[in-house]
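User: I would like to go through this model term by term. Please set each value against its cut-off.

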Amino acid sequence: MAGSGYITAARTKILEYLKKNSSIAVNVNDIHEYLHSIGSDVNPTTIYRYLDKLTSEGIVMKYSSENGSSSVYQYSEPGHRCDEHLHLKCVHCGTILHLDCDFMQEISEHIKAEHGFSIQCKNSIIYGVCSECAKKEA
């Protein structure tokens, strides 16, 4: 069961919010504001703890900034194998796409053979502009 252990109404609402917004990565403040808007007063520490639990269970992916000063979280659909592929993140709208394509193995092998570097896909993000935002810019 997702988030096994003591299940509270707040935990249920957090998981519902993450599932509903699974196409984007959200931060603790986004979740806190949502909970506040529906009348659930949960402190950020509680949200962080539950997100850590969901992350350790593989239910949520955690993406940290390079210096570790901030993190965003995204619900991971069962079977997405996020540790086996890269992710594409739109710098405008925040959408994260899973680059779960057959050629990932070919890219990994090329980088290892030609550059002596092993890709660690888990939590790896390539930044750019999604097709929807590109249309809006045009």
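Analyst: Lys-135 and Glu-132 sit 3 residues apart in helix H5 (residues 131-137), so about one helical turn separates them. Helices here are DSSP runs of H or I with at least four residues, strands are runs of E with at least two, and both are numbered from the N terminus. This is a predicted model: local features need pLDDT of at least 70, side-chain atom pairs count only at pLDDT 80 or more, and totals for chains, interfaces and linings use all residues. Residues are numbered from 1 along each chain as its sequence is written, and side-chain values use heavy atoms, with hydrogens and water left out.

User: What makes the meeting of Lys-135 and Glu-132 a salt bridge?

Analyst: The term needs a side-chain nitrogen of Lys or Arg within 4 Å of a carboxyl oxygen of Asp or Glu. The N to O distance for Lys-135 and Glu-132 is 3.4 Å. That is within the cut-off, so the pair is called a salt bridge.

User: Is Lys-135 called exposed or buried, and why?

Analyst: Buried means under 20% relative accessible area, exposed means over 50%, and partly exposed lies in between (1.4 Å probe, protein chains only). Lys-135 has 55%, so Lys-135 counts as exposed.

User: How many salt bridges does the whole structure hold?

Analyst: The search finds 3. Another one joins Glu-16 and Lys-13 at 3.6 Å, N to O. These two are 3 residues apart in helix H1, so about one helical turn lies between them. Glu-16 is partly exposed at 38%, and Lys-13 is partly exposed at 32%. Glu-57 and Lys-53 also meet in a salt bridge, at 3.2 Å, N to O. Glu-57 has a relative accessible area of 32% and Lys-53 one of 26%, so both are partly exposed.

User: How do you know that the length of helix H3 agrees with what it should span?

Analyst: The expected span is 1.5 Å times one less than the number of residues. For the 13 residues of H3 (residues 44-56) that should be 18 Å, and the end C-alpha atoms are 18 Å apart, so the two agree. Helix H4 (residues 104-115) passes too: its 12 residues should span 16 Å, and its end C-alpha atoms are 16 Å apart. Just after H4, Gly-116 takes a positive phi of about 65°.

User: Which residues of H3 are buried, and why are they said to be on the same side?

Analyst: Ile-47, Tyr-50, Leu-51 and Leu-54 are the buried residues of H3. They cover an arc of only 105° around the axis, which puts them on the same side of H3. The arc is taken from the directions from the helix axis to the C-beta atoms. The face turned away carries the exposed residues Arg-49 and Ser-56.

User: What do the buried residues of H3 pack against?

Analyst: Their partners are helix H1 (9-20), helix H2 (28-37), strand E1 (60-64) and strand E2 (71-75). Contact means heavy atoms within 4.5 Å.

User: What makes Val-91, Tyr-127 and Val-129 a patch?

Analyst: Patch residues have over 30% relative accessible area and no salt bridge; nonpolar side chains (Val, Leu, Ile, Met, Phe, Trp, Tyr) are joined within 5 Å, like charges within 9 Å. These three form a nonpolar patch with about 310 Å² of accessible area together. Areas come from the Shrake-Rupley method with a 1.4 Å probe; for residues, only the protein chains shown count as cover. Val-91 lies in the loop between strand E3 (86-90) and strand E4 (96-99).
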